[in-house]
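Please find below my notes on the two-chain complex you sent. They are set out as numbered points for you to check against the coordinates.

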Amino acid sequence: MRLEYFQMIDRVAAREGDAIIVESRIPDASPVFEGHFPGHPLMPGVLLVETMAQASGWLLLDLMGFARMPFLMAVKEAKFRSFIGPGTAVRVHAKRLHDGSGFAVTEARIEADGKRITDAELTFRIMDYPAPELADAMRGRGRELGLL
Amino acid sequence: MASSFDRIADIIAENSEVPRDKILPDSHVINDLGIDSLDFLDIVFAIDKAFGIKVPVEAWTQEVNAGNAPAEKYFVMKNLAERVDELVAAKAG
């Protein structure tokens, strides 16, 4: 993970059907931990949501052949079950629950050491890329992740 | 079984702040009921699941925006129920 760049996913571990499993490692140090919290660094819950959103996003991009862009629009039933901090390796599972017209719904969860850390249902609006640079960046990162 | 109108009205009441008794056959989902785009997608998701269809919201919106159909054709409750019935029939077809 590179928290400051919102790059939450390190690699794709498995990709099959409507599901994906990705892996990532929370960095040992980041300015984020200086504020969250002084003397007691914890991965912020909002960044765990972002991590689930990105795992879902790569899944949806792959399912659509990278033709359009998913944007997070709703987070439901988010539960933060355990704290995790710097240096933790995580596995993120995401599955598409529904393929709607112009939107998609996924369920995702993060696990560390086989233990469920957080889970949520996420809704994405599916749109044309608003800028060619974004399409290029998504496809470039998709190639790095082995999806293209 | 309840009519499609009633089922859709129940779904809207469950997924928005609109009271069920305010949802009438002539209600325009957006103009009269004030459903915003995010709530509307939640409603479409619930309709998709309840009826086992994929409501083609994008195609409808494009048709309306291009001036090829009046918004009422898709977004007035009684018409929306008719469109859903057509989609269910087409799927069964």
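1. Confidence. This is a predicted model. The predictor assigns the complex an ipTM of 0.91 and a pTM of 0.94. For chain B the mean pLDDT is 96, with 99% of its residues at 70 or more.

2. Extent of the interface. Chain A brings 14 residues to the contact and chain B brings 12 residues. About 1,100 Å² is buried between the two chains, and carbon and sulfur atoms account for 58% of that area. On the chain B side, 49% of the buried area comes from Leu41(B), Phe45(B) and Glu58(B), more than from any other three residues.

3. Polar terms at the interface. Eight residue pairs are in polar contact across the interface of chain B and chain A, counting pairs with both residues at pLDDT 80 or more.

4. Where the chain B surface comes from. Helix H2 (37–51) and helix H3 (57–65) of chain B each give at least two residues to the side that touches chain A. The largest share, seven residues, is from H2(B). Sorted by class, this side of chain B has seven nonpolar, four charged and one polar residues.

5. Strand pairing around S4(A). Strand S2 (residues 19–25) of chain A runs antiparallel to strand S4 (residues 89–99) of chain A, with seven bridges between them. In that pairing Glu23(A) faces Arg91(A) of S4(A). S4(A) is also joined, again antiparallel, to strand S5 (residues 103–112) of chain A by eight bridges. Here Lys95(A) is opposite Glu107(A) in S5(A).

6. Strand pairing around S6(A). S5(A) and S6(A) are antiparallel, with 10 bridges, and Glu111(A) sits opposite Arg116(A) in S6(A). Nine bridges connect strand S3 (residues 69–80) of chain A with strand S6 (residues 115–127) of chain A, also in the antiparallel sense. Val75(A) has Leu122(A) as its bridge partner in S6(A).

7. Hairpin turns. Three residues lie between the strands in the hairpin of S4(A) and S5(A), where Gly102(A) has a positive phi near 85°. The hairpin of S5(A) and S6(A) has two residues between its strands, and Asp113(A) takes a positive phi near 55° there.

8. Salt bridges overall. Over all chains, the search of the whole structure returns 21 salt bridges. Among them is Arg11(A) with Glu23(A), whose closest N and O atoms are 3.4 Å apart. This pair links distant parts of the chain, 12 residues apart: Arg11(A) is in strand S1 (residues 11–16) of chain A, and Glu23(A) is in strand S2 of chain A.

9. Backbone geometry to inspect. Most residues other than glycine have a negative phi, and most peptide bonds are trans. The peptide bond from His36(A) to Phe37(A) is cis, with omega near 0°. Phe37(A) is located in the loop between helix H1 (31–35) and helix H2 (45–63) of chain A.

Technical notes: Residues numbered from 1 in each chain as written. Chains lettered and ligands numbered in written order. Predicted model: local features only at pLDDT ≥ 70, side-chain atom pairs only at ≥ 80, totals over all residues. Heavy atoms only, no water. Contact = heavy atoms within 4.5 Å. Buried area = accessible area lost by both parts, 1.4 Å probe. Polar contact = N/O pair within 3.5 Å; in protein donor to acceptor, adjacent residues only side chain to side chain. Helix = DSSP H or I, 4+ residues; strand = E, 2+ residues; numbered from the N terminus. Nonpolar A, V, L, I, M, F, W, Y, C, P; charged D, E, K, R; others polar. Pairing = 2+ DSSP bridges. pLDDT = per-residue confidence, 0-100. Salt bridge = Lys/Arg side-chain N within 4 Å of Asp/Glu carboxyl O.
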